[in-house]
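Subject: Handover of a structure

Dear colleague,

Please find the structure below, together with its sequence.

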Amino acid sequence: MIPPVRQPGAEEARRWAAALGDDQAPATEDAPRSRFAWCVTGSGHYLEESMALAARLPDVDLFLSAAADEVLPLYGLRIEDLRTRFRVFRDKSASAVPVGRLYAEAYHTVVIAPATSNTVAKCAFGFSDSLPTNMFAQAGKLGIPNLVFACDTEPVVITKAPRSSDEEWFTLRPRNIDLDNVERLRAIDFCTVLRSAAELEAALAARLKVLRLAWV
Ligand SMILES: Cc1cc2nc3c(=O)[nH]c(=O)nc-3n(C[C@H](O)[C@H](O)[C@H](O)COP(=O)(O)O)c2cc1C
């Protein structure tokens, strides 16, 4: 006989987190709507600027894509060091298990910064097959505001090379499809698209004001 299905509780969530090597603090123990869920994707472009903004916010949990897990250390950002400032959740499950934290109602805002062209495309077309794209989709379904910093928004992008590279800077030309996807993303519910670090900072400042919070 198939046993009845029930929602996972705090203990199951803790065991899942331990199995995935994630932070184990149950979201149910956080005050309602008290935290930022900050998703990081595998973009070197604006990675340092995005992480610097995340570090200035109160109560931030990081949700990494599998590509972010690989790209962060290439830019000198070690996951162990991030854990001293943030709770960190990694993309280790096919069903994006850490997304369950959104349902505990602990998060008031989801941020994706920096967002790769890949993640922008998936979000714009409604795909959810990574931790950041699942966070984006589920936040939209729960009415939680999403702020997405789409980095490849200009016809010519000068981007920093990883530390392992001999070149310091690269020039990239995002394709029309990348630029079109950024425009498509603007039409998605509960989504605000930002095109520069300054725009992201201003959007976060506005969000803090609404929430009666301050930069740290
Ligand atoms: C060092 C490095 C830097 C990268 N920088 C970018 C970038 O700036 N923008 C981008 O769209 N993709 C970039 N990529 C490629 C993405 O990581 C790749 O498309 C990945 O599949 C994205 O997965 P995600 O969107 O789930 O994070 C970079 C890859 C590497 C190895």
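Helices (H or I, at least four residues) and strands (E, at least two) are DSSP runs, numbered from the N terminus. This is a predicted model, in which local features need pLDDT of at least 70 and side-chain atom pairs count only at pLDDT 80 or more, while totals for chains, interfaces and linings use all residues. Residues are numbered from 1 along each chain as its sequence is written.

The chain as a whole

The chain holds eight helices and eight strands. Its radius of gyration (taken over C-alpha atoms) is 17 Å, close to the 17 Å given for 216 residues by the globule rule, so the chain is as compact as a globular protein of that length. The globule rule is 2.2 Å times the number of residues to the power 0.38. Along the principal axes, the C-alpha atoms fill a box of roughly 60 × 40 × 35 Å. Of the 216 residues, 38% are buried; a residue is buried if 20 or more other C-beta atoms lie within 10 Å of its own, exposed if 12 or fewer, and partly exposed in between, with C-beta atoms placed from the backbone. Two residues are in contact if their C-beta atoms, placed from the backbone, lie within 7 Å. Among contacts between residues at least 6 apart in sequence, 78% join residues at least 24 apart.

Helix H5 and its two partners

The axes of helix H5 (residues 117–125) and helix H6 (residues 131–142) come within 10 Å and cross at roughly 35°. Axes here are lines fitted to C-alpha atoms, for helices over the stretch in contact, and angles run from 0 to 180 degrees between N-to-C directions. The crossing of H5 with H6 is right-handed; a crossing is left-handed if the near helix is turned anticlockwise from the far one by less than a right angle, and right-handed if clockwise. On the H5 side, Thr119, Lys122 and Cys123 meet Pro132, Thr133 and Phe136 of H6. The residues of this contact comprise three nonpolar, two polar and one charged, where Ala, Val, Leu, Ile, Met, Phe, Trp, Tyr, Cys and Pro count as nonpolar, Asp, Glu, Lys and Arg as charged, and the others, Gly among them, as polar.

With helix H7 (residues 176–185), the axis of H5 comes within 9 Å and crosses at roughly 45°. H5 and H7 are therefore oblique to each other (angles under 35 degrees count as roughly parallel, over 145 as roughly antiparallel, 65 to 115 as roughly perpendicular and the rest as oblique). H5 passes H7 in a left-handed crossing. The H5 residues Ser117, Val120, Ala121, Cys123 and Ala124 meet Asp178, Asn181, Val182, Arg184 and Leu185 in H7. Six nonpolar, two polar and two charged residues make up this contact.

Cys123, in H5, counts as buried because 27 C-beta neighbours lie inside 10 Å. Leaving aside neighbours within four places in sequence, Cys123 is in contact with Thr133, Phe136, Val148, Leu185 and Ile188.

Backbone details

A cis peptide bond, with omega about -5°, joins Ala113 and Pro114; Pro114 lies in strand S4 (residues 107–115). Tyr46, in the loop between strand S1 (35–40) and helix H2 (47–55), has a positive phi near 60° although it is not glycine. Ala96, in the loop between strand S3 (87–89) and S4, has a positive phi near 55°. Tyr46 counts as buried with 23 C-beta neighbours inside 10 Å, and Ala96 counts as buried with 21.

Yours sincerely
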